[in-house]
Amino acid sequence: MITNKPADDFNKANELLRSGRNQEALEIYEKLIGIHTSGDDFDFNFIVDSYRLFSNMGTALKRLGRYPEAVKAYTLAIENGGSIKASIWQMRAEAHRNNSDIAAAIADLEKSLECDPESNVGLWNLVCYCASATDWEHFEKYLFRFNQLYPEEMSDLLGDSDLDPVRQLSRFKEIVSKL
């Protein structure tokens, strides 16, 4: 139930999202966005960074399997101040991947590295996504970079199930043998 206190509603939606009640959270986020876009007398600045509303909405949509809509929500988060957050790019990348758009996912992960060049999550996912796209040049580049930054995590990365479809390919084995 939406109130005339958007900050309270936003906090309630976040609480629902954290507890896995994604559809209920989404309904509140959508109503809050409606308030913002309808020109009502509510103050949308109740969120310090307005991108959080769109980002959280994207998370709810992604959890509900509504990937194209999640991509749109994360795009709004990026357009509303979230472009400096590596995590927003990474979440949109995951939505793209789940929507079978690996090229867009890779592009978003590369943008996340512009925000945080040493992002463990960004590099890990780039290794996996480039491998699944059989983009061996970038796979090698990001694998070696990950190894330089996180050598203690290499065995975990190389054991990631996302690499299973390419693990037996000769090019994969050749690149990994260079480590």
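A: Start with burial, which is a matter of relative accessible area: buried means under 20%, exposed over 50%, and partly exposed in between, with a 1.4 Å probe and protein chains only. In this predicted model, 44% of the 179 residues in the chain are buried. Numbering runs from 1 along each chain as its sequence is written, side-chain values use heavy atoms without hydrogens or water, and the model is a predicted one. Local features need pLDDT of at least 70 and side-chain atom pairs count only at pLDDT 80 or more, while totals for chains, interfaces and linings use all residues.

Q: How many helices and strands does the chain have?

A: Both are DSSP runs numbered from the N terminus: helices are H or I with at least four residues, strands are E with at least two. This chain has ten helices and zero strands. Its pattern along the sequence is α-α-α-α-α-α-α-α-α-α.

Q: What share of the contacts with a separation of 6 or more joins residues 24 or more positions apart?

A: Contact means heavy atoms within 4.5 Å. Of the contacts in the chain with a separation of 6 or more, 53% are between residues 24 or more positions apart.

Q: Is Ala86 buried or exposed?

A: Ala86 has a relative accessible area of 11%, so the residue is buried. Ala86 lies in helix 5, which spans residues 86-98. Beyond neighbours within four places in sequence, Ala86 is in contact with Ser112, Cys115 and Asp116. Another way to look at the fold is C-alpha to C-alpha distance: Ala86 and Leu109 are 23 residues apart in sequence and 8.2 Å apart in space.

Q: How is the packing of two helices read, and at what angle do helix 8 and helix 10 pack?

A: Two packed helices are described by the angle between their axes and by the distance between those axes. The axes are lines fitted to C-alpha atoms, for helices over the stretch in contact, and angles between N-to-C directions run from 0 to 180 degrees. Helix 8 (residues 136-149) and helix 10 (residues 170-177) pack at about 30 degrees, with axes 10 Å apart. Angles under 35 degrees count as roughly parallel, over 145 as roughly antiparallel, 65 to 115 as roughly perpendicular and the rest as oblique. Helix 8 and helix 10 are therefore roughly parallel to each other.

Q: What is the hand of the crossing of helix 8 and helix 10, and which residues make the contact?

A: A crossing is left-handed if the near helix is turned anticlockwise from the far one by less than a right angle, and right-handed if clockwise. Helix 8 passes helix 10 in a right-handed crossing. Trp136, Phe139, Glu140, Leu143 and Phe144 of helix 8 meet Arg171, Phe172, Ile175 and Val176 of helix 10. To class them, Ala, Val, Leu, Ile, Met, Phe, Trp, Tyr, Cys and Pro count as nonpolar, Asp, Glu, Lys and Arg as charged, and the others, Gly among them, as polar. The contact of helix 8 with helix 10 has seven nonpolar, no polar and two charged residues.

Q: How do helix 5 and helix 7 cross?

A: Their axes come within 11 Å and cross at roughly 20 degrees. Helix 5 and helix 7 are therefore roughly parallel to each other, and their crossing is left-handed. The contact is formed by Gln90, Ala93, Glu94 and Arg97 of helix 5 with Val121, Gly122 and Tyr129 of helix 7. By class, three of these residues are nonpolar, two polar and two charged.

Q: How many disulfides are there?

A: A disulfide is a pair of cysteine sulfur atoms within 2.5 Å. By this rule there are zero disulfides. For Cys128, the closest cysteine sulfur is in Cys130, 9.6 Å away and too far for a bond. Cys128 is buried at 1% relative accessibility, and Cys130 is buried at 0%.

Q: Which phi values deserve a second look?

A: Most residues other than glycine have a negative phi. Ser100, not a glycine, has a positive phi of about 65 degrees. Ser100 sits in the loop between helix 5 and helix 6 (102-115) and is exposed, with a relative accessible area of 69%. Thr134 has a positive phi near 50 degrees. Thr134 is in the loop between helix 7 (120-132) and helix 8, and is partly exposed at 42% relative accessibility.
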